[in-house]
Amino acid sequence: MFRGIYAEVVGALPLNGGAYNALLNTTSKFRASVAACLTILSYMATAVISAGEAMHYAHDLWAPLNVTIATICLLAAFMLLTILGISESSRVAIAIFLTHLASLTTLLVVGVVYLLNNGFGLLTENLSTPTETGPAEAIFFGFSAALLGISGFESSANFVEEQAEGVFPKTLRNMWLAVSFFNPMMALLALAVVPIVVVGEHEETLLSYVGAQTGGNWLAWLISIDAVLVLSGAVLTSFVGVNGLVHRMTLDRCLPQFLLKTNRRGSTHRIIITFFLLCVSVLLITRGELKALAGVYTISFLAVMALFGFGNILLKVKREGLPRPTRAPWPSVLVAIAAVVAGIIGNAVLNPPYLEVFAEYFFPTLLFVVVMLERINILRFCLFVLQATVRGTIRPLKAMTRAIRAKIKQINAQQIVFFTRGDNIANLNSASCTSARTSTPAA
């Protein structure tokens with residue numbers, strides 16, 4: 001459903017920005033900026049979580065590895081790669097993608113051979129395991145959690161201007177094909193190989209454990225290495241996506257203009273470096289406890305999905321005249337939005353602390369963007385306060401000035417009598433000049 005939604009919006013508005021671009025052209029800049037803040041938070045959380053988890057996999061492969069330092073080094077490596085330009089990044093992404101497909105295919109083939117030799121008894125047993133809740137509630141929460149497994153395709157909409165014509169629909173198609181096949185197959189393979197009671201012990205490295213059960217240590221190592229590469233690819237996706245989004249926001253004067261500075265390769269290195277510093281700061285603040293950022297990622301990603309759907313509706317209503325290569329059917333758009341909103345509710349119910357963590361990151365980010373959008377009004381308010389303060393200060397000073405002048409005048413107004421010996425003109429003249437400087441002479 002979201003394939004058609006994204007294809008219609010980006011086809012009609014082929015500009016960087018994703019959900020921000022969709023809302024910017026159909027509603028106010030403030031509402032669009034809310035979507036942009038959510039997207040930036042999603043990228044930041046994705047980059048830090050992916051880099052951290054990749055280094056946890058690497059730590060399993062090589063115990064002496066310091067996870068925090070390695071995470072920072074990985075973020076720095078992809079920062080430099082993104083600064084080099086989009087073409088270099090795309091080559092690395094293709095290599096990671098092909099390696100990932102090969103690794104998953106190998107795991108699937110080995111798993112099928114294992115099941116043919118050992119039977120499907122465990123799969124039947126796992127599927128018949130009673131749930132703690134009713135089937136409907138279990139499916140609802142399972143759907144809510146599974147929504148987080150489709151992330152990645154939405155990033156392409158944030159740097160569509162850097163893509164050749166016709167590439168964007170292909171990214172949607174390729175992502176759809178890969179996810180539609182591998183996600184359910186891997187879930188079934190895990191259910192057929194790993195007992196439900198054991199899943200919790202290996203939830204962070206489940207596919208690696210499946211590889212060890214079906215093919216031995218060599219396959220576990222292969223899947224772990226693949227996990228490091230794929231999670232690193234998610235870091236690359238975050239850098240490339242946020243670069244396109246922030247560049248667009250800066251052009252729209254939602255962010256400081258110094259971010260638009262480009263290097264010799266034409267990349268906006270200040271945006272990339274700033275994003276890297278933010279990611280490192282979050283990593284250090286959380287002390288490597290990346291579960292805190294899971295809430296930021298969960299809510300922000302699903303919220304961006306929902307806002308993109310709303311952007312599609314507004315595009316249909318307000319910008320019907322814009323030509324577009326494809327149109328998403330109304331029922332499909334409405335069902336997609338309802339499903340994502342249900343996913344947000346489900347994840348919030350499953351993990352109530354997620355909302356608190358999300359708010360701690362979202363509102364400061366939104367406040368910064370609001371300050372940028374309203375900086376003229378804020379400066380006018382500051383000018384008004386300054387002028388009011390000056391006026392309030394000048395009035396008492398004027399009153400004090402008048403009082404001092406009145407006192408001087410009062411002192412000078414006192415009459416005096418000057419006694420002189422004889423009528424010498426020179427003496428009278430001298431006395432007159434002296435009294436003029438101090439008082440009004442009476443004689």
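This is a predicted model: local features need pLDDT of at least 70, side-chain atom pairs count only at pLDDT 80 or more; totals for chains, interfaces and linings use all residues.
Reader: Why is Gly18 called buried?

Author: Gly18 has a relative accessibility of 6%, and since buried means under 20% relative accessible area, Gly18 therefore counts as buried. Its place is in the loop between helix 1 (2-12) and helix 2 (19-24).

Reader: What makes Ala157 a contact of Gly18, and which other residues are in contact with Gly18 once its neighbours within four places in sequence are left aside?

Author: Contact means heavy atoms within 4.5 Å, and, with those sequence neighbours set aside, Ala157 meets that condition with Gly18, as do Asn158 and Phe308. Ala399, by comparison of positions, lies 381 residues from Gly18 in sequence and 61 Å from Gly18 in space, C-alpha to C-alpha.

Reader: Why does Ser232 count as buried, and where is Ser232 found?

Author: The relative accessibility of Ser232 is 6%, and because the limit for buried is under 20%, Ser232 counts as buried. Ser232 is found in helix 11, which covers residues 217-251, and, apart from neighbours within four places in sequence, Ser232 is in contact with Ala54, Leu74 and Phe78.

Reader: How do you know that the span of helix 14 is close to what is expected?

Author: The expected span is 1.5 Å times one less than the number of residues, and for helix 14, residues 330-350, with its 21 residues, that expectation is 30 Å. The reach from its first C-alpha to its last is 30 Å, so the span is close to the expected one.

Reader: Which residues of helix 14 are buried?

Author: Buried residues in helix 14 include Ser332, Val333, Ala336, Ile337 and Val340, and also Gly343, Gly346, Asn347 and Ala348. Across the chain, 41% of the 443 residues count as buried.

Reader: What radius of gyration does the chain have, and what would a compact globule of 443 residues have?

Author: The chain has 35 Å, whereas a compact globule of 443 residues would have a radius of gyration near 22 Å; the rule behind that second value is 2.2 Å times the number of residues to the power 0.38. Along the principal axes, the C-alpha atoms fill a box of roughly 145 × 60 × 55 Å.

Reader: How many helices and strands are in the chain, and what share of its contacts with a separation of 6 or more joins residues 24 or more positions apart?

Author: The chain contains 17 helices and 2 strands, and residues 24 or more positions apart account for 78% of those contacts.

Terms used. Residues are numbered from 1 along each chain as its sequence is written. Side-chain values use heavy atoms; hydrogens and water are left out. Helices (H or I, at least four residues) and strands (E, at least two) are DSSP runs, numbered from the N terminus. Buried means under 20% relative accessible area, exposed over 50%, partly exposed in between (1.4 Å probe, protein chains only).
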